[in-house]
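Reader: I would like to go through this model term by term. Please set each value against its definition.

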Amino acid sequence: MARRLRLGALALALLFVSAALLPAVSADAGYARCEGVVRGWAGSVAESEDKDGDKLSLKDLLFFLHIPRTGGRTYFHCFLKKLYTNAEECPRSYDKLRFDPSHPDCKLVVSHDDYSFMSKLPSERTSVVTILRNPVDRVFSTYEFSVEVAARFLVHPNLTSAKLMTTRVLSKSRAVSTLDIWPWKYLVPWMREDLFARRDARGIDNVRSAHRVNAYDVEDMVMPLHQYINDPVAHEIIHNGATFQITGLTNNSYFSGAHEVRHCVRKHPDLGHFVLQVAKSRLDRMLYVGLTEDHEESARLFAHMVGAQVLSQSGALNLDIKEDQPSENDSRSSTLDPEEEETNEHLNRTHGLQNNRALKTADTGKDDHGKGNMTVGKLMEAYEGCISKLRKSQSNRRKISLKKVEEANFSKEARQQVPGALLEQIMSLNSLDMELYEHAKKIFTQEHLMLKAQHSMVAQHKQLPAKKGWVATVCSYWSCSPWKVVLFGLGVTIAIVLITFALTTRRRTFKLKV
């Protein structure tokens, strides 16, 4: 009996030990599987991508990989629209069914699609450019824009009305909507639903907050920033978004295994260095990498490194602005413009058609550089004029959009009131992007030094004395025209010939006499 009790106790003990060890064994197995998945993906990328190509030369097709909230829309309107005609823009990259990069005139793609989009492009003929931003500022800006666009729907009495209006407008239009574009097609509806829920809770007529801490913490009106960054949606789409976009691992990827790799990296952060290495390697091979924070120098580098090559390939480009204006029914443009038509409809209903027309005119902005040979200098002048108009229109639009939640008055000054602990959390949640941004800054410094060296070589070449012909040499000492010098030379030559002939004849005569 006692023996049976001892055996039973031993079996029970073994059972408890097994139960205790099972999670650890399972965790180890899960980690090993994820490590194999991430390593396998990184290895396949390394094998498939060419690392020896000439990254400094613009190829046939330019892919502007637009990381959200980095200022890419400004580059599109104020640079690329002045360098490429509508006919040269590839068919809408947002419409994956109709996109056709094999079109003979297809020279420009501008898209929020991630790097996996390269699988649809002729990679050996494609140059990639992008812009990176400080990850903390990018998270702030993503939050602000999500609120701004979603708040435009608050002109409706309820969420159902807003959705019906959106469906009605989009069904009548062929235009690209913000709600069609990643990541806003996820972030805006999420924020829109939250805004309506908070308004319903406080009452539609109550436009003042009773719980305002700062512009980023107006809990009874807008989802607070601290709640926003900790939501599963933010973890899926926003955090480390630049790294996942450059590696082609977003939830909008063309790569079927993207979700598994992304999930493994989020679950086991130490595997992130494999993904980060791929992202750094791709940045190293891009034609141009800009920084949102160093805006002026980034624009100058873009004009010289990209703009100059586009102009050169087009033969000192004579830009006719009339050809560069989109037609009303143009469905080819890959314009990345968040001013969707349903938004205009909402604004018209509450703020007047005339006011909204003014916003649209300023936002689309007619190019003002006119006909003639475009140079890098003229391109920069056109850019500076364009960006001034664009910033003004964006500021006006934001004021109107946030009118229903005006206590969420976002600004650089308001960001200073956000607790330091929240900023540190944002940095921690975006650790891969933080390291990738530091790498981008090193590339940016190299680009700057490279351009400086090129300008120095050009200046030295101009200072070298040019080899002059004899005509130019004579004219540099005497005030004369080259044709006069030529005539003078011919005269001297004829005189020498006559003198030589006379001397020769005289010698022959002298010999005969002797």
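Author: Helices (H or I, at least four residues) and strands (E, at least two) are DSSP runs, numbered from the N terminus. By that rule the protein chain has 20 helices and six strands. The model is predicted, so local features need pLDDT of at least 70, side-chain atom pairs count only at pLDDT 80 or more, and totals for chains, interfaces and linings use all residues. Residues are numbered from 1 along each chain as its sequence is written, and side-chain values use heavy atoms, with hydrogens and water left out.

Reader: What makes a residue buried, and what percentage of the protein chain counts as buried?

Author: Buried means under 20% relative accessible area, exposed means over 50%, and partly exposed lies in between (1.4 Å probe, protein chains only). Of the 514 residues of the protein chain, 46% count as buried.

Reader: What makes the pairing of E144 with Y216 a polar contact?

Author: A polar contact is a pair of N or O atoms within 3.5 Å. Within protein, one must be able to donate a hydrogen and the other to accept it, and residues adjacent in sequence count only if both atoms are side-chain atoms. The side chains of E144 and Y216 make such a contact at 2.4 Å. That value is within 3.5 Å, so the term applies.

Reader: Which residues does E144 touch?

Author: Contact means heavy atoms within 4.5 Å. Not counting residues up to four places away in sequence, E144 touches Y216, R398, F410 and R415.

Reader: How do you know whether H239 is buried or exposed?

Author: H239 has a relative accessible area of 5%. That is under 20%, so H239 is buried. H239 lies in the loop between α7 (232-237) and α8 (241-247). The side chain of H239 reaches the backbone oxygen of I229 at 2.7 Å. H239 also touches A234, F244, L429 and N430, not counting residues up to four places away in sequence. The C-alpha atoms of H239 and V136 are separated by 9.8 Å, though the two are 103 residues apart along the chain.

Reader: Why do T243 and V275 count as buried?

Author: T243 has a relative accessible area of 0%, and V275 is at 0% relative accessibility. Both values are under 20%, so both residues are buried. T243 is found in helix α8, V275 in helix α10 (residues 272-284). V275 in turn touches residues including V38, W41 and F244.

Reader: What makes a space a cavity, and how many are there?

Author: On a 1 Å grid over the protein atoms alone, a cavity is a set of points where a 1.4 Å probe fits but cannot get out. A pocket is an open set with protein on both sides within 12 Å along at least five of seven lines. Lining residues have an atom within 4 Å of a point. The count comes to four cavities of 30 Å³ or more. About 70 Å³ of space lies in the second largest cavity. A volume is the space filled by probe spheres set on the points, with grid points joined across faces, edges and corners. α8 supplies the largest share of the lining of the second largest cavity, three residues.

Reader: What is the class make-up of the lining of the largest pocket?

Author: Ala, Val, Leu, Ile, Met, Phe, Trp, Tyr, Cys and Pro count as nonpolar, Asp, Glu, Lys and Arg as charged, and the others, Gly among them, as polar. By class, that lining has 13 nonpolar, 15 polar and 17 charged residues. About 1,400 Å³ of space lies in the largest pocket. Of its 45 lining residues, R69, R133, S141, Q394 and R398 lie nearest its centre. α15 (376-401) gives the most to this lining, with eight residues.
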